[in-house]
Amino acid sequence: MSEFRYCKLTKEWTLFAPERLKRPNDLNNKKDLTLGELIHEKCPFDMGKEEFTPNEIARVSQDGKWKCRVVPNLYNALSIDVPLESKRDSFYDTISGFGAHEVVIETPTHDKQIWDYDYNDLSNYFTILKNRVENLKKDDRFAYLSIFKNQGLNAGASMAHSHSQIMALPFLPKKVKSEIEYKKEYYQEHKRALLDDLVYEELEYGRNIIAQNSEFIIYCPYASTFAFEAKIVAKKKLATLSEFNKGDLSALCDITKEFFSKYYKALGEVSFNMIIKNAPYLDYNEETKEYFRFNIEIKPRIYKQAGFELDSDMNINVMLPEEAARIYKES
């Protein structure tokens, strides 16, 4: 049976329609569309091809060799060299394309993907992200940091070599601003973080939980917008990677490794978007940790949005989170 489910976090409805899975073997295709594998000699992200990327911003090294590095995006959407200016032209408002746009080259190994990462690979990855969160915060012109990973062609990736991107903006996007205001209002009314309450409800419901450890929990949200969508949430008052200690980073690496092992066994090389959500720089203070929880969203791109979704701004999800969580846990 189809049903509508309401998400208290986004204040949006999702239509669950499991019958739209046309046949049981739809999910048996373990190989997603490829990016057209790059020849190693031509991939600028490979070890030994550093000269083909812009000047390095940061790196994590071991035994004299880099394990993870950050460079400016060669095909940048934003530029830190552009003055931050706004102007009005008749009825139209314009702000210059000021910002930062960086690429995180997660591994020197061309064919290694996140489901292949060991603990050290993930530690290098989250450590360098923490470094960038802290360093970009020093520029008080930035209000928001978007950290995301596009894995596979259907998720918008254009390079086969595993990488993530960082974009720093001088203002809060509308969706982010609305979300922050809502979380503040919820905390002021209930004296609890909204995401804490949602995690509590998921724990009480039980059927959507995939795994947890001392510091983090991962589950398929009750009103997921994407089939097999999953969410990692900090259990304690952590709002951003810059607040993480070694134990927090270690626990995050452990649960991320556990999840992507299950992801690959359950779905194979299916495209996904991973969004790492830190509290915005704008108005960040000690109270931020009361209403905002660090979290990571993983959104597999198995099915594409079509006319109904674009018209109604409501997603159709063909996979109930209870079933997705069961498949993950059994993988």
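User: Which residues line the second largest cavity?
Analyst: In this predicted model, the lining of the second largest cavity is formed by V133, K137, T240, S242, A279, P280, Y281 and Y284.

User: What is its volume?
Analyst: The second largest cavity has a volume of about 40 Å³.

User: And how do those lining residues divide by class?
Analyst: For the second largest cavity, five lining residues are nonpolar, two are polar and one is charged.

User: How many cavities of 30 Å³ or more are there?
Analyst: The count comes to two cavities of 30 Å³ or more. The largest cavity has a volume of about 60 Å³.

User: What lines the largest cavity?
Analyst: Its lining consists of Y144, V176, E179, I180, K277, N278, P280 and F292. Helix α2 gives the most to this lining, with three residues. By class, the lining of the largest cavity has five nonpolar residues, one polar residue and two charged residues.

User: Moving to pockets, what volume does the largest one have?
Analyst: The largest pocket has a volume of about 1300 Å³. It is lined by 46 residues, and those closest to its centre are T10, E12, K175, E297 and K299.

User: Which helices and strands supply at least two residues of that lining?
Analyst: The strands are β1 (3-7), β2 (12-16), β8 (144-151), β13 (272-277) and β14 (295-300). The helices are α2 (174-190) and α3 (194-205). Helix α2 provides the largest share, six residues.

User: How many nonpolar, polar and charged residues does the pocket lining have?
Analyst: The lining of the largest pocket comprises 20 nonpolar, eleven polar and 15 charged residues.

User: Now the ten-stranded sheet. What is its strand order?
Analyst: The order is β3-β4-β7-β9-β8-β13-β14-β12-β11-β10, in an open sheet with antiparallel pairing. Its edge strands are β3 (58-62) and β10 (209-212), each of which pairs on one side only. On average, neighbouring strands of this sheet are turned by 15° against each other, direction ignored.

User: What holds strands together in a sheet, in general?
Analyst: The strands of a sheet pair through backbone hydrogen bonds, in a parallel or an antiparallel manner.

User: How many bridges join β11 to β12?
Analyst: Four bridges join β11 (residues 216-219) to β12 (residues 230-234), and the two strands run antiparallel. Within this region, Y219 stands opposite K231 in β12.

User: Which strands of the sheet does helix α1 touch?
Analyst: Helix α1 (residues 119-136) packs on the sheet and touches β3, β4 (65-72), β7 (100-105), β8, β9 (163-169), β13 and β14. The direction of α1 makes about 35° with that of β4.

User: And α3, what does that helix touch?
Analyst: Helix α3 also packs on the sheet, where it touches β10, β11, β12 and β14. Its direction makes about 65° with that of β11.

User: One more topic. At what angle do α4 and α7 pack?
Analyst: Helix α4 (residues 246-267) and helix α7 (residues 321-330) pack at an angle of about 105°, and their axes are 8 Å apart. The helices are therefore roughly perpendicular to each other, as angles of 65 to 115 degrees count as such.

User: Which residues meet there?
Analyst: From α4, F259, K262, Y263, A266 and L267 meet I327, Y328 and K329 in α7. This contact of α4 with α7 has six nonpolar and two charged residues, with no polar ones.

Note on methods:
Residues are numbered from 1 along each chain as its sequence is written. This is a predicted model: local features need pLDDT of at least 70, side-chain atom pairs count only at pLDDT 80 or more; totals for chains, interfaces and linings use all residues. Side-chain values use heavy atoms; hydrogens and water are left out. On a 1 Å grid over the protein atoms alone, a cavity is a set of points where a 1.4 Å probe fits but cannot get out, and a pocket is an open set with protein on both sides within 12 Å along at least five of seven lines; lining residues have an atom within 4 Å of a point. Grid points are joined across faces, edges and corners, and a volume is the space filled by probe spheres set on the points. Ala, Val, Leu, Ile, Met, Phe, Trp, Tyr, Cys and Pro count as nonpolar, Asp, Glu, Lys and Arg as charged, and the others, Gly among them, as polar. Two strands pair if DSSP finds at least two bridges between them. Axes are lines fitted to C-alpha atoms, for helices over the stretch in contact, and angles run from 0 to 180 degrees between N-to-C directions. Contact means heavy atoms within 4.5 Å. Angles under 35 degrees count as roughly parallel, over 145 as roughly antiparallel, 65 to 115 as roughly perpendicular and the rest as oblique.
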